[in-house]
Amino acid sequence: MEVDRPFEIGTYIDLMTDFGFKRIFGEESNRQFLIDFLNALFNGEIIVDDVVYDNSEYKGMTRESRGLIYDIYCHAKCDETEKNHKSSRHFIIEMQRTRQEFFDERAVYYVSNAVARQGEKGSDYDFHLVPVVGIFFMNFLFRKAERKDDEMVELHMLMNTKTHELLNDAVRLYFIKLPLMRERAEECKDDMERWIYCIKNLQNMDTMPFNSPIFQKLGRIASVANLSNDDLLTYERELKYARDRHNQMAYAKKEAREEGLAEGRAEGRVQGRAEGRAEGRAEGLSEGIRKGRRMMLKESIANMKKLELTDSQIASILNITPEELRQLASENNDQF
């Protein structure tokens with residue numbers, strides 16, 4: 001029996017959705033995809049043999065601690081070719097589809113907490129750290145000045161700023177900027193670029209452009225035709241919320257621009273036309289976007305609660321923390 005759908009769904013699932021990202025990189029049965037991507041990212045420096053998935057939600061050490069929800073949290077046994085020995089590493093992997101203020105600070109917070117948690121082992125802990133690797137996919141650019149020829153993958157580590165000598169390898173932060181990905185599949189130079197190309201573009205493909213076994217398997221697993229009925233409904237629901245959210249944000253920005261222009265003109269009559277327009281636009285746009293975002297989030301939360309999604313699922317889909325979810329709910333108690 002065919003189901004009427006409110007929008008067209010492509011051949012493959014969207015890997016930038018929570019459903020698609022976790023299905024390919026976060027499921028035990030598909031862990032070879034994550035292993036292959038990590039090895040492509042490390043390019044022989046570190047070889048990941050296997051990964052073990054951990055609980056992606058961490059409540060904190062005390063009741064007052066800020067809770068964390070990662071997209072994917074796992075650890076792995078690795079071969080370090082330069083040092084010729086085996087080691088363990090923790091991995092935090094996040095997908096951020098929409099621009100978020102202070103995203104770089106959030107990444108540091110996530111990685112720092114994964115390091116600090118290692119001190120919970122007991123009084124005999126000797127501070128020998130298991131390195132933590134944070135991998136953060138971003139469908140936006142950090143800085144407005146970034147250009148197409150800037151580096152797509154930024155690696156940040158602890159080092160001496162004069163000699164560039166590493167302090168240690170306790171933390172690594174990889175920021176992968178999807179807007180800087182090459183535009184055509186045939187331009188990809190290696191498997192790392194092929195993976196990033198698929199993460200960004202798979203939902204728009206009709207066929208898998210890469211012939212290696214791992215990418216052909218990716219095409220089979222990510223095929224919409226191979227989803228179960230339950231998975232298909234979950235995926236459709238998430239797509240609908242993502243598209244509704246995009247439309248709501250676009251409308252909020254449009255309103256904010258108009259409001260900013262109006263305020264700028266009014267203030268300009270008093271303080272001078274040029275200065276008033278500049279300040280009015282800046283302040284009106286910022287405040288309008290903030291109000292519009294909160295309104296959109298509260299509407300989305302109310303709709304998702306009607307569908308009986310858990311708070312954890314809602315926070316993950318909307319890319320907000322559990323604390324932000326509770327705050328938004330408390331502001332609109334009549335709806336919850």
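The model is predicted, so local features need pLDDT of at least 70 and side-chain atom pairs count only at pLDDT 80 or more, while totals for chains, interfaces and linings use all residues. Residues are numbered from 1 along each chain as its sequence is written, and side-chain values use heavy atoms, with hydrogens and water left out.

**Stop 1: strand E5.** Select residues 85-96, which form strand E5. Helices (H or I, at least four residues) and strands (E, at least two) are DSSP runs, numbered from the N terminus. Of the 12 residues in E5, 9 are buried (under 20% relative accessible area, 1.4 Å probe, protein chains only).

**Stop 2: its partners.** Look for Tyr-73, whose bridge partner in E5 is Ile-92. Now show strand E6, residues 132-138, which pairs with E5 in the parallel sense over 7 bridges. Here Ile-93 has Ile-135 of E6 as its bridge partner.

**Stop 3: helices H2 and H5.** Select residues 31-42 (H2) and 213-221 (H5), which pack at an angle of about 140° with their axes 11 Å apart. Axes are lines fitted to C-alpha atoms, for helices over the stretch in contact, and angles run from 0 to 180 degrees between N-to-C directions. Show Gln-32, Phe-33 and Asp-36 of H2 with Ile-214, Lys-217, Leu-218 and Ile-221 of H5: these residues make the contact (heavy atoms within 4.5 Å).

Definitions and conventions. Buried means under 20% relative accessible area, exposed over 50%, partly exposed in between (1.4 Å probe, protein chains only). Two strands pair if DSSP finds at least two bridges between them.
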